[in-house]
Amino acid sequence: MIYLDNASTTIPDNEVLSVYQDVQREAFYNGESLHIGGQHTNQLLESCKQYIKKYFETDKEVIFTRSGSHANEIAIRSYLEYQERGTILVSPYEHPSIHAALEMYKSKFEILDLPLDGNGEIDVERTTKLVMDEVVLIIAQHVNSETGYILPINDLSNIAMENHIPIHVDGVQAVHKLEDINVQLFTSYAFSSHKFHGTKGSGSLLINHEYVKPLNDYYFHEMNTQNGTIDSPSIVAMTKALSIDDDINHMKKMKQYLLNQAVELRFTPIVYNEEAPHILALLSPKFEGQYIMQYLSNRNICISTGTACGHGALLSDGLQVKIDTIAEKTYDQYIRFSISKYTTKADIDNCFEHLKTILRGD
């Protein structure tokens with residue numbers, strides 16, 4: 001199997017799996033229990049919170065979640081649950097989990113897309129003009145999962161701070177992919193373990209203390225933001241995954257190698273001014289992206305045609321606008337390659353030998 005869909009999920013590191021199994025055996029207790037076993041697990045989870053704070057150099061509250069999507073939902077509810085009305089500014093590149101969390105607030109809030117420039121990127125200057133007293137929240141991804149586009153979140157943060165508006169950033173595709181992430185610039189920041197070689201079932205929300213609110217009178221876990229016993233083995237495994245180098249330089253080299261191969265076969269890259277090192281978005285020279293994806297899948301090669309949470313067929317409004325800026329190309333030609341520290345040149349060569357067969361008829 002050749003796996004080039006790492007933006008969807010990554011293979012857990014062996015060290016991470018070992019830690020996960022150890023905690024399942026030795027610290028399986030419910031961290032909410034008052035006996036000695038529960039206290040032991042609770043102390044273990046608290047040490048994970050302290051490590052995460054130190055890793056991100058932040059004093060924000062750390063709330064453990066089931067996923068990045070769950071973290072996004074908790075953040076949005078924390079900001080909006082006690083508001084009566086207002087305007088929410090959302091980037092048009094957002095993950096489906098953002099729109100799912102906003103759905104229940106559509107009747108009370110006006111939801112506006114952040115404007116895009118002629119290159120399909122967030123227009124910071126026009127965004128500034130949108131900010132008025134009625135704006136109660138700004139939402140933006142750090143890295144777009146479909147294209148690797150790095151959104152101008154530092155500029156958006158400056159706008160938010162100058163106007164005393166909270167800003168939530170979905171950092172799921174950024175952690176272990178970008179260097180020097182300063183979460184102190186944002187009111188909240190979400191990430192997910194399985195995107196950086198941890199296990200599935202855990203994520204985290206870093207959020208300023210003043211915005212932590214009880215979301216339900218019957219929620220008793222993680223500062224009254226959720227119910228259900230949290231998955232302590234996955235959380236400890238996530239913390240371990242954070243501590244392991246993700247080899248960003250290797251991903252940069254593999255992405256460039258992949259890009260060179262793609263251009264040679266006349267794929268059109270979807271290019272932004274700033275991009276993450278692990279995602280390459282392309283438009284095929286012929287055939288629909290779904291056809292190419294299935295062709296490769298039948299040969300045990302995994303790529304994508306969209307976010308897995310959208311069942312691989314849902315393109316964000318931002319990406320659709322971006323594709324419109326590329327002459328004579330359509331949405332159905334889009335495909336995505338995403339790599340990790342384990343991706344090799346041999347993987348890429350093998351994939352493109354098959355692509356040559358289908359595109360050139362070799």
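Which residues does Ser-78 touch, not counting residues up to four places away in sequence? The points below begin with this residue and then turn to charged, cysteine and aromatic side chains.

1. Basis of the note. This is a predicted model, in which local features need pLDDT of at least 70 and side-chain atom pairs count only at pLDDT 80 or more, while totals for chains, interfaces and linings use all residues. Residues are numbered from 1 along each chain as its sequence is written, and side-chain values use heavy atoms, with hydrogens and water left out.

2. Ser-78. With residues up to four places away in sequence set aside, Ser-78 touches Ile-207, Tyr-211, Lys-213 and Leu-215 (contact means heavy atoms within 4.5 Å). Ser-78 is placed in helix α3, residues 68-80; helices (H or I, at least four residues) and strands (E, at least two) are DSSP runs, numbered from the N terminus. Its relative accessibility of 4% makes Ser-78 buried, where buried means under 20% relative accessible area, exposed over 50%, and partly exposed in between, with a 1.4 Å probe and protein chains only.

3. Side chains of opposite charge can pair when their charged atoms come close. A salt bridge is taken as a side-chain nitrogen of Lys or Arg within 4 Å of a carboxyl oxygen of Asp or Glu, and the count by this rule is nine. In one of them, Lys-240 pairs with Glu-15, with the closest N and O atoms 3.8 Å apart. This pair links distant parts of the chain, since Lys-240 belongs to helix α7 (residues 232-242) and Glu-15 to helix α1 (residues 14-26), 225 residues apart. Lys-240 is partly exposed at 27% relative accessibility, and Glu-15 is partly exposed at 46%.

4. Salt bridges within a helix. Asp-22 and Arg-25 form a salt bridge with an N to O distance of 2.5 Å. Both residues, Asp-22 and Arg-25, are in helix α1, three residues or about one turn of the helix apart; Asp-22 has a relative accessible area of 33% and is partly exposed. A salt bridge also joins Glu-353 and Lys-356, at 3.3 Å from N to O. Because Glu-353 and Lys-356 are three residues apart in helix α11 (residues 345-360), about one helical turn separates them. Glu-353 is partly exposed at 46%, whereas Lys-356 is buried at 17%.

5. Glu-121. Glu-121 is in the loop between β4 (109-113) and α5 (124-130). Glu-121 is buried but has no salt bridge, and the nearest side chain of opposite charge, Lys-322, is 4.7 Å away; Lys and Arg count as positive and Asp and Glu as negative, with His and the chain ends not counted. The Glu-121 side chain does make a polar contact with the side chain of Asn-119, at 2.8 Å. A polar contact is a pair of N or O atoms within 3.5 Å; within protein, one must be able to donate a hydrogen and the other to accept it, and residues adjacent in sequence count only if both atoms are side-chain atoms. A polar atom of the Glu-121 side chain also lies 2.9 Å from the backbone nitrogen of Asn-273. Beyond neighbours within four places in sequence, the contacts of Glu-121 are Pro-115, Leu-116, Tyr-149, Tyr-272 and Asn-273.

6. Cysteines. With a disulfide taken as a pair of cysteine sulfur atoms within 2.5 Å, the count is zero. Cys-351 is in no disulfide, and the nearest cysteine sulfur, that of Cys-302, is 10 Å away. Cys-351 is buried at 0% relative accessible area, and Cys-48 is buried at 4%.

7. Aromatic pairs. Rings of Phe, Tyr and Trp (its six-membered ring) pair if their centres lie within 6.5 Å; planes under 30 degrees apart are stacked, over 60 edge-to-face and the rest tilted. There are 14 aromatic pairs by this rule. The rings of Tyr-55 and Phe-56 are edge-to-face, with centres 4.9 Å apart and planes at 75°. Tyr-55 is partly exposed at 32%, and Phe-56 is buried at 5%. The rings of Tyr-149 and Tyr-272 are stacked, with centres 4.3 Å apart and planes at 15°. Tyr-149 is in the loop between β5 (135-141) and α6 (153-162) and Tyr-272 in the loop between β9 (268-269) and β10 (279-283), so this pair ties together parts 123 residues apart in sequence. Both Tyr-149 and Tyr-272 are buried.

8. Aromatic cluster. One aromatic cluster is formed by Tyr-51, Tyr-55, Phe-56, Phe-186, Tyr-189, Phe-191 and Phe-196.
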